[in-house]
Amino acid sequence: MRFSVLTLLFCQFIFAQAQYPKDYFAPPLDIPMQLSGNFGELRPNHFHAGFDLKTSQREGLNVYAVADGYVSRIKISTFGNGKCIYITHPNGFTSVYGHLQTTIGAIQDYVLQTHYKEKAFEIEMFPKPGELPVTKGQLIALSGNTGSSEGPHLHFEIRDTKSEFVINPMFFGFDKNIKDTKKPTILSLYVYPMDNTTVNQSKQPLLLNLSLQKDGTYLASKVKANGKIGFGINTVDFDDVSGNKNGVFNVSTFVNGSQNYNYQFNTYSFDEMRYVNAFIDYAKYKKSGQRIQKLFMKIPFALSIIKTDSLRGIIPVESNLASTYRIEVSDYFGNLSAITVPIEYDVETPVINAEPVASKYFIKTNKDYNFEKDNMSVFFSAGTFYDDFNLNFDVKNNRIYIHDDVVPVHSNFTITIKDSTYSEALRDKVFIGRSGSYIATTRKNDVFTAKSKTLGQFGLVLDTIAPIIKIAKPIQDKWISDIKTIQFTISDSLSGIKSYNGYLNGNWVLFEYDNKTKKITHKFDDTLLAEGANDLKIEVIDNVGNSAIFETHFFRSQQK
């Protein structure tokens, strides 16, 4: 049985590789390919959608089109992929290049024209097929560190153009550029008792000891249980060059030789990304930072990479039956690590009891719930959560307490607060905050409403404080003919910055914003400057409408 299952999986893997062209795409950089992040890697609230390619810890490396096609989308954002180019190719796939420092040539001209047309830094463009054609190997951009990047690198994806599903770039022949002879590393293995099960005298999840065997596999300590159990694994992969912890490609589990759970990072949609919070032990991640990948589903969720048996990876441990559980973890190159877990039935008195349940509210995932106390309420629609759980809910000291962020949330829930203590003039300066942080809030008279995907403590926050604008180097009444850029730091202590604009001699000019440093930067263009005296104004508005204005006056002579 085990042979047939593994053979079927192997055939499916070969078919998955065969449907993608192997030599169509060229590398997007002209330096050796090194990964700082791979496809499917576990990230906050999402699975990684492509490769993160190292750029020698530098910005400004040449980025090339990986094949012929046309630029079909350009997005300039302060978060996410930052400055990002999408190229549609005639073979049905789209390549994506993110965290760019700048675009190049005709693409940059198109971007700059759009900035000034829309008078905004954050823009999104969808050029028509004939507007920005590119050829394989054409220079399209310089690598950077824009958006939510934590360091200089190039984010690279391949998508199915029609469905927009992201696809593992390894399938397109990029594995030829990476050397990997290392087996995945097993960091830890946990067993999870379910319902009223006791495992090794515990009703709480337990860390199992692992011992390395002569054949290179691991043997886990024996599991003694008397009911339903599941397992979770913390595992990473290393290649031979980069030194980074990357995600694994495939995990398969077997009970007495029959497969009961499998996932493989081939392709998935953006609609599935948030299921990473159901995929891992979210509570342990929030408490310890460890991402334990659960090898079972208590309640099914729609993550297409997972294949299970009828019990969804859960193992019933029954009297007079002993079982052998095997976990196989592999990378794309076939390097494999395996763990064997002996399981037997045993009725033991628990030494570690289940965590006490203090809440009187029990949430089932498939039902709507509305909780209300005093002037505050919260509404959960069916499907808000992944698993059933006991909810803590209370209202006190002008705050609504909705559990805490150890239970993952899949879709928005709604918080409503009625408060007439603020005058009409101040109500537009009030927002609902989670632990003080701004959440987009709507208001109808004295009723405030906000949506969130994170549990915690919520309350009304009044913000009457204007943003702060600071110039990096004062230029008031100075000649600055040799200065090429000007920079400001903009910040807001409560609701956060909603918009900013810069004006040179009364005309809007482009300032680029870096959310990591809170700095805006303008590159002087002599065609926009006046000979002699010039006036510069910066206006910043926060999310509740407080505004700040900075004005300065300087002199400039045209460069010869």
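Hi everyone. Before I count anything, a quick definition: helices here are DSSP runs of H or I with at least four residues, strands are E runs of at least two, and both are numbered from the N terminus. With that rule, the chain comes to five helices and 47 strands. Please keep in mind that this is a predicted model.

Let me start with the overall picture. The chain has 560 residues, and 49% of them are buried. Along the principal axes, the C-alpha atoms fill a box of roughly 95 × 65 × 35 Å. If you take the contacts with a separation of 6 or more, 69% of them are between residues 24 or more positions apart.

How many of its nine residues are buried? Eight of the nine are, so to speak, under cover: S19 is mostly covered. As for its partners, S14 pairs with S19 in the antiparallel sense over eight bridges. Within that pairing, Leu-189 stands opposite Ile-233 of S19. Strand S25, residues 315–316, also runs antiparallel to S19 and is joined to it by two bridges, with Lys-228 opposite Pro-316. Then there is strand S23, residues 293–294, which pairs with S19 over two bridges, again in the antiparallel sense. There, Gly-232 has Lys-294 in S23 as its bridge partner.

While we are at S25, step into the loop between S25 and strand S26, which covers 322–330. Asn-320 is found in that loop. Is Asn-320 buried or exposed? Asn-320 is exposed, because its relative accessible area is 78% and the cut-off for exposed is over 50%. Asn-320 is 26 residues from Asp-346 in sequence, and their C-alpha atoms are 9.1 Å apart in space.

As a reminder of the idea, rolling a probe the size of a water molecule over the atoms shows where empty space is left. The largest pocket has a volume of about 1,500 Å³. It is lined by 42 residues, and the closest to its centre are Pro-205, Ala-283, Lys-298, Glu-355 and Phe-389. Which elements each supply at least two residues of that lining? They are strand S14 (185–193), helix H3 (276–279), helix H4 (282–288) and strand S31 (389–391). H4 has the largest share, with four residues. By class, the lining of the largest pocket divides into 22 nonpolar, nine polar and eleven charged residues.

The second largest pocket has a volume of about 1,200 Å³. Here 47 residues make up the lining, and Glu-41, Arg-43, His-46, His-48 and Asp-52 are the closest to the centre. Strand S12 gives the most, with four residues. The lining of the second largest pocket has 15 nonpolar, 22 polar and ten charged residues.

Strand S37, residues 441–444, and strand S38, residues 447–452, run antiparallel and are joined by four bridges. In this pair, Thr-442 stands opposite Thr-449 of S38. The hairpin has two residues between its strands, and Asn-445 takes a positive phi near 60 degrees.

Last stop: a sheet further along. What is the order of its four strands? It is an open sheet with the order S43-S42-S46-S47, and the pairing is antiparallel. Strand S43 (507–509) and strand S47 (547–556) are at the edges with a single partner strand each, so one side of each has no neighbour in the sheet. From one strand to the next, the twist averages 30 degrees. Inside the sheet, strand S42 (residues 497–504) and strand S46 (residues 532–542) pair over seven bridges in the antiparallel sense. If you want a place to look, Ile-497 stands opposite Asp-542 of S46.

Conventions: Residues numbered from 1 in each chain as written. Predicted model: local features only at pLDDT ≥ 70, side-chain atom pairs only at ≥ 80, totals over all residues. Heavy atoms only, no water. Pairing = 2+ DSSP bridges. Axes fitted to C-alpha atoms, helices over the stretch in contact; angles between N-to-C directions. 1 Å grid on protein atoms, 1.4 Å probe; cavity = no way out; pocket = protein on both sides within 12 Å on 5 of 7 lines; lining within 4 Å. Points joined across faces, edges and corners; volume = space filled by probe spheres on them. Nonpolar A, V, L, I, M, F, W, Y, C, P; charged D, E, K, R; others polar. Buried < 20%, exposed > 50% of the residue type's maximum accessible area, 1.4 Å probe, protein only. Contact = heavy atoms within 4.5 Å.
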